[in-house]
There are 2 protein chains.
Amino acid sequence: MKIYPIKGIEISSIHSGMYEKKRLDLSLVKLSSNCLVSSAFTKNKAKSSCIIFNEKNLKKSNPKYLIINSGNANAGTGKYGMLDINDYCSVLKKISNCKMSEILVFSTGVIGERIKYKNICESIPKLYRSLKEDNWVNFSKSIMTTDTQAKIISNKIKIKNEYITITGVAKGSGMIKPNMATMLSFVATNLSIDKKTIKSLHKKAIEDSFNMITVDGETSTNDASLLISSRTSIIDYKQLSTNDKKRFYNAILDIYKDLARKIIKDGEGATKFISINIKNASSFKEAKNVGMHIGNSLLVKTALFAEDANWGRILSAIGNSEIKSKDLSSVEISFGKFKVFKNNEKAKSYNEKKLSRYLKNKEIEINVNLNSGKSLATVWTNDLSYEYIRINAEYRT
Amino acid sequence: MKIYPIKGIEISSIHSGMYEKKRLDLSLVKLSSNCLVSSAFTKNKAKSSCIIFNEKNLKKSNPKYLIINSGNANAGTGKYGMLDINDYCSVLKKISNCKMSEILVFSTGVIGERIKYKNICESIPKLYRSLKEDNWVNFSKSIMTTDTQAKIISNKIKIKNEYITITGVAKGSGMIKPNMATMLSFVATNLSIDKKTIKSLHKKAIEDSFNMITVDGETSTNDASLLISSRTSIIDYKQLSTNDKKRFYNAILDIYKDLARKIIKDGEGATKFISINIKNASSFKEAKNVGMHIGNSLLVKTALFAEDANWGRILSAIGNSEIKSKDLSSVEISFGKFKVFKNNEKAKSYNEKKLSRYLKNKEIEINVNLNSGKSLATVWTNDLSYEYIRINAEYRT
């Protein structure tokens, strides 16, 4: 897959020693002075120090540098959390001549352990010297924790004879039920976008991608998502035709959806990718709530792991959701195109053999028709396997 | 353990063939005409037909008979759900000369499969002939599904030189996060209690027991709990001194708590019994919400399975709850007496070795001090093991 660098955005990555194992674990991103950033952070109240630091800085300045580490979340670290960030940001401030408020920091990994700030301090000069535009792949590798796959995607679309490029990376595998953003994601484009527009595009794209996925119903302390416009293209969003605006938003949304799908596919212990499509709901909120109840049901997820057409568990999960109807007599449930529940009972066409065959697929659709309105939502999740238990019994997040 | 029969309540149990395996799976309970019943049913909107049947009957009559089966939930069974109940209740109505509205039915097991109503019809005459008071143990066995232990408890207290007896049974192992009641529980006493009082005692006892436990955050379609006063004792609740009223309520509450603890100890795949004690919350609601977020966190539960003092996951779970404070800087977390989080960071006294030793215990306490009020709540849960996945990947609920 071709990864297009984004003009105006330079990156470098290094093994700083956050992990014992020799692997990339620290990245520095330099944003040229023209760049505009939209950000979204976790709604978990046990916020990492890096989230608090960023929220403060974003009120003061336009960011010029991002420092991103894996291996430590810098959450639940008390006063050291902020002291350590200040320490390593000071090194960058000194060599780059930026302001403290022009730096954003991102951390992911163990909660409650002090971050190895000395390793970061020592690595920053090296990172600073090796910044270059064509470095997104290493960036995507450096932010992995329990991820088994680096998550990166890139696209270009032609608008008015100019190439608009969009490239994004993300990480996440467990502690995934993003609320506003996923663990970490960075998406950038060269298109020139104004502040108000980039915020609204970002918000919309997140709502339709990261905020619709769940691995384990756990919103992390460190979720953060940035959408960056490097404004290096001569094309300005404002000049676009309605159609080109739509094309551009769809390209952005595709990037976000692809990253969200990559997170679910790489969900801890996942053996299946599950799309839960809710239709004819009375509102998007209801549709999402019903989808999330199914997607977070351990019983549904273990049944899917076992390739068992156990629709009773889906029915029970819907019954526990904030569905508006008082009973579920008008609800219809299908696996793929195979109807399993209709008219308040097992569907007439129910066929165990066909269902068994369908459920052997790696990608499964659960289709739910609420028959009570016109809204829809799709939630993505995965199954729950022995491997999830193993990973989380062994790994200290 | 001595099980005291309750005068005025007769029971019989049988293998009716709900399961292939030869085991008790159907019970009949006869309540003498003096009996008073308080009931609580699931809030899941995908209600079993038996719940709908009971809610209707309780509006009309005082119950005289209970029919309870395991092996099939009679939920998601459409029109057959009610037809089949009517069929087998007609048999009982005929031989006992009771009204249809004087029967309550309870089912637990697979969702979405039609119940073997013929087996029930055939068994009812046999059950009717073998009713006797001293049969609670068989009753407790007949309602088991994935339960590995029958859940039964009995107690007597002396009031005014008379023995007041209380005996209860329950079932439940998975799909457990009761909302108003657990899967199934039946508790009876000989004390004479009026309708209003029995309702309020029942509600209070449930709120402090079954409604405080969670195995997997899943409220079942069939949860039902009955508290029965056979009114065979000459002692009437109204005549009791304030102190004796308190003693009696505490005896009832002990029965409910014991049954709730038995369900958690027998939770699917459980290797540990976890008490989550939340104190100094601004309200009971907040305390319970925080406790439930910890108790339903897969990451916390897998860490406990691994005997890993991973308090960062507890912190993250609290951050995701509806806790009132904007940050968690005043929250304190301990495992047993060992403090792990205070002043927004790892506790000074944190000692990995001592914690490791403590976490090897079968019963673990997570103590959380919110430092924001005077309310408290205790949530009971268990850990999440490979065995939970195995059970639920193999069993079709």
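User: At about what angle does helix α6 (residues 242-265) of chain B run to β6(B)?

Analyst: Helices (H or I, at least four residues) and strands (E, at least two) are DSSP runs, numbered from the N terminus. Axes are lines fitted to C-alpha atoms, for helices over the stretch in contact, and angles run from 0 to 180 degrees between N-to-C directions. Helix α6(B) lies across β6, β7 (162-171) and β8 of chain B. To β6(B), the angle is about 170°.

User: What pLDDT do local features need in this model?

Analyst: Residues are numbered from 1 along each chain as its sequence is written, while chains are lettered from A and ligands numbered from 1 in the order in which they are written. The model is predicted: totals for chains, interfaces and linings use all residues, side-chain atom pairs count only at pLDDT 80 or more, and local features need pLDDT of at least 70.

User: Which strands stand at the edges of the open sheet of chain B?

Analyst: The sheet has 5 strands in the order β3-β9-β8-β7-β6, with mixed pairing; two strands pair if DSSP finds at least two bridges between them. An edge strand has a single partner strand, so one of its sides is left without a neighbour in the sheet. That describes β3 (36-41) and β6 (151-159) of chain B.

User: How much does the sheet twist from one strand to the next?

Analyst: The twist is given as an average over the steps from one strand to the next. Its value is 10°.

User: Which strands of chain B does helix α5 (residues 195-207) touch?

Analyst: This helix packs on the sheet, and its direction makes about 35° with that of β3(B). Touching refers to contact, in which the C-beta atoms of two residues, placed from the backbone, lie within 7 Å. The strands touched are β3 and β9 of chain B.

User: How many residues does α9(B) give to the side of chain B that touches chain A?

Analyst: The contact takes 53 residues from chain B and 53 residues from chain A. Elements that give two or more residues to the chain B side are α2 (78-96), α8 (298-305), α9 (311-320), β13 (345-346) and α11 (386-394). Of these, α9(B) gives the most, with 8 residues.

User: Is A:F335 buried or exposed?

Analyst: A:F335 lies in strand β11 (residues 332-335) of chain A. A residue is buried if 20 or more other C-beta atoms lie within 10 Å of its own, exposed if 12 or fewer, and partly exposed in between, with C-beta atoms placed from the backbone. A:F335 has 20 such atoms, so the residue counts as buried.

User: How far is the C-alpha of A:F335 from that of A:K118?

Analyst: Leaving aside neighbours within four places in sequence, A:F335 is in contact with residues including A:A309, A:V340 and A:I366. A:K118 is 217 residues away along the chain. The two C-alpha atoms are separated by 53 Å.

User: What share of the residues in chain A is buried?

Analyst: Chain A has 11 helices and 15 strands. Of its 397 residues, the buried ones make up 57%.
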